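Subject: Structure for you to look at

Hi,

Here is the structure I promised to pass on. Have a look through it first, and then read on for what turned up.

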Amino acid sequence: MNSKDGIKRGPFGSSLKKSFFVKKSDYVVYEQQNAIYDQFSTRYFINEVKYNELEAFSLKPNDFILSGSGTIGCISLVPDNIKKGVINQALIRIRINQNITNKFFFLQWMRSSYMQRRLTQANPGSAITNLVPISEIKNWKVTVPNNKIQKHIGKILTQLDTLLSLQQRKLELEKALEKSLFQNLYTDFPNIFPKLAFEKSPWHAIKLQDAFTEISKRSKAGQLLTVSISKGIFPFNESERKNNSSSDKSKYKVVKINDIAYNTMRMWQGAEAVSRYDGIVSPAYTVIRAKKNQNPFFYAFMFKREKYLYLFQTYSQGLTSDTWNLKYPLFKEIKAMIPENLYIQDKIANILNTRLKHTELENTKLETFQALKQFLLQNLFI
């Protein structure tokens with residue numbers, strides 16, 4: 001670190017109260033969120049007099065800010081184009097000697113598992129985690145490679161961060177496209193076609209009992225399938241199939257490929273799935289099967305739309321007392337708009353299935369990059 005001004009905690013709260021903030025100024029206040037989210041937009045301003053008073057706490061390009069309370073240990077490199085400003089009491093400013101330490105290496109090193117463990121500690125007898133005292137950090141003895149190796153490690157990890165950012169953005173665009181398709185491939189009104197209509201075939205309202213049959217058969221044997229909301233329409237994965245070891249197997253419900261299982265207490269959150277396998281599911285789920293010439297995926301995607309999440313919530317909450325519960329007698333009364341031409345059901349389901357699988361692939365890539373980053377952070381530093 002810089003020998004003169006290497007590490008400095010933000011000013012006392014009494015020195016930078018909200019009463020000192022002004023509506024607009026050339027001088028800003030940097031907060032905890034800047035370190036946590038690695039971005040430098042600001043919301044508070046101080047006048048020039050207050051800035052000059054607190055200039056010892058100002059930021060310069062190539063400084064680092066470290067979150068020191070709440071979400072602790074998050075560190076960010078200050079970019080070249082920042083506005084003049086000071087840190088608040090929740091931040092710690094770090095300045096390094098760039099003749100000795102490469103800034104990109106230092107950033108990644110501070111984010112490594114090893115340094116994150118050293119930076120944080122739990123109070124004795126408490127689960128509360130705090131940043132170690134600044135006086136202790138200043139006296140740490142650490143082992144680092146020569147500058148050439150530092151630059152090489154910093155470059156590798158910086159490039160990987162760029163890949164992660166690009167992949168995250170790509171995944172966000174994929175999800176935005178999915179949302180747009182959900183909105184535009186369906187219609188909620190008779191005689192009004194979806195914005196993305198394949199042909200001028202009318203849509204009409206039906207009750208869900210006309211599209212599904214409840215499957216109440218129970219079985220003591222079979223592969224137990226588990227549901228994960230986060231995985232969307234296909235939450236039944238190979239890794240989530242396991243032998244049912246429960247001593248009481250009499251209440252588990254049979255589910256076949258393409259059946260829909262939904263959690264009666266959570267469907268209003270989107271907790272439903274189209275099964276990829278034959279098996280059994282927890283008794284907390286209702287199993288429904290699409291009737292002949294009805295596409296289960298057409299409905300499963302429809303159930304993800306905000307309108308239906310709202311309907312499920314309304315029926316669960318409005319027709320029961322204090323608990324959320326959408327058992328089949330309530331579910332079957334909900335009305336849905338469907339195309340009269342069943343070919344359109346298949347078309348919509350195929351489009352959304354393709355997009356979902358593509359999103360899953362992009363998410364797998366992101367998880368791979370994240371795992372690689374974690375592996376390198378654990379193994380490139382000592």
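Let's start with charges. Asp-38, Arg-111, Asp-161 and Lys-373 are joined up in a network of salt bridges (a salt bridge is a side-chain nitrogen of Lys or Arg within 4 Å of a carboxyl oxygen of Asp or Glu). Before going further, a word on the source: this is a predicted model, where local features need pLDDT of at least 70 and side-chain atom pairs count only at pLDDT 80 or more, while totals for chains, interfaces and linings use all residues. Residues are numbered from 1 along each chain as its sequence is written, and side-chain values use heavy atoms, with hydrogens and water left out.

**Salt bridges**

The general idea is simple: side chains of opposite charge can pair when their charged atoms come close. How many salt bridges does a search of the whole structure find? It finds 14.

One of them joins the side chains of Glu-31 and Arg-43, at 2.9 Å from N to O. This pair links distant parts of the chain, twelve residues apart: Glu-31 sits in the loop between β2 (27-30) and α1 (32-36), and Arg-43 in the loop between α1 and β3 (44-46). (Helices, H or I with at least four residues, and strands, E with at least two, are DSSP runs numbered from the N terminus.) Glu-31 counts as buried, because its relative accessibility is 9%. The cut-offs here are under 20% relative accessible area for buried, over 50% for exposed, and partly exposed in between, using a 1.4 Å probe and protein chains only.

Next, Arg-305 and Asp-188 meet through their side chains at 3.0 Å, N to O, in a salt bridge. Arg-305 is in the loop between α7 (296-303) and α8 (306-318) and Asp-188 is in the loop between α6 (147-184) and β10 (203-207), so this pair ties together parts that are 117 residues apart in sequence. Buried or partly exposed: which is Arg-305? At 9% relative accessibility, Arg-305 is buried, whereas Asp-188, at 22%, is partly exposed.

Glu-333 and Lys-207 form another salt bridge, with 2.8 Å from N to O. Since Glu-333 is in the loop between α9 (328-331) and β19 (335-339) and Lys-207 is in strand β10, the pair ties together parts 126 residues apart in sequence. Glu-333 is partly exposed at 29% relative accessibility, and Lys-207 is partly exposed at 27%.

**Two helices side by side**

Now find α6 and helix α10 (residues 342-379), which pack at an angle of about 160° with their axes 9 Å apart. (Axes are lines fitted to C-alpha atoms, for helices over the stretch in contact, and angles run from 0 to 180 degrees between N-to-C directions.) That angle makes α6 roughly antiparallel to α10; the label is for angles over 145 degrees, with under 35 roughly parallel, 65 to 115 roughly perpendicular and the rest oblique. The residues of this contact divide into 17 nonpolar, six polar and nine charged (Ala, Val, Leu, Ile, Met, Phe, Trp, Tyr, Cys and Pro count as nonpolar, Asp, Glu, Lys and Arg as charged, and the others, Gly among them, as polar).

Leu-185 is in the loop between α6 and β10, and it is buried, with a relative accessible area of 2%. Leu-185 and Leu-352 are 167 residues apart in sequence and 9.3 Å apart in space, C-alpha to C-alpha.

**Strands**

Strands of a sheet pair through backbone hydrogen bonds, either parallel or antiparallel. Here two strands count as paired if DSSP finds at least two bridges between them.

Strand β18 (residues 285-290) is largely enclosed by the rest of the structure, because five of its six residues are buried. Strand β11 (residues 212-215) pairs with β18 in the antiparallel sense over four bridges, and Phe-212 stands opposite Ala-290. Strand β15 (residues 260-263) also pairs with β18 in the antiparallel sense over four bridges, with Ile-260 opposite Ile-288.

Strand β4 (residues 64-67) is covered on both faces: Phe-64 and Leu-66 on one side, and Ile-65 and Ser-67 on the other, are all buried. Three bridges join β4 to strand β5 (residues 75-77), antiparallel, where Ser-76 is the bridge partner of Ile-65. With strand β7 (residues 91-94), β4 pairs in the antiparallel sense over four bridges, and there the partner of Ile-65 is Arg-93.

Enjoy exploring!
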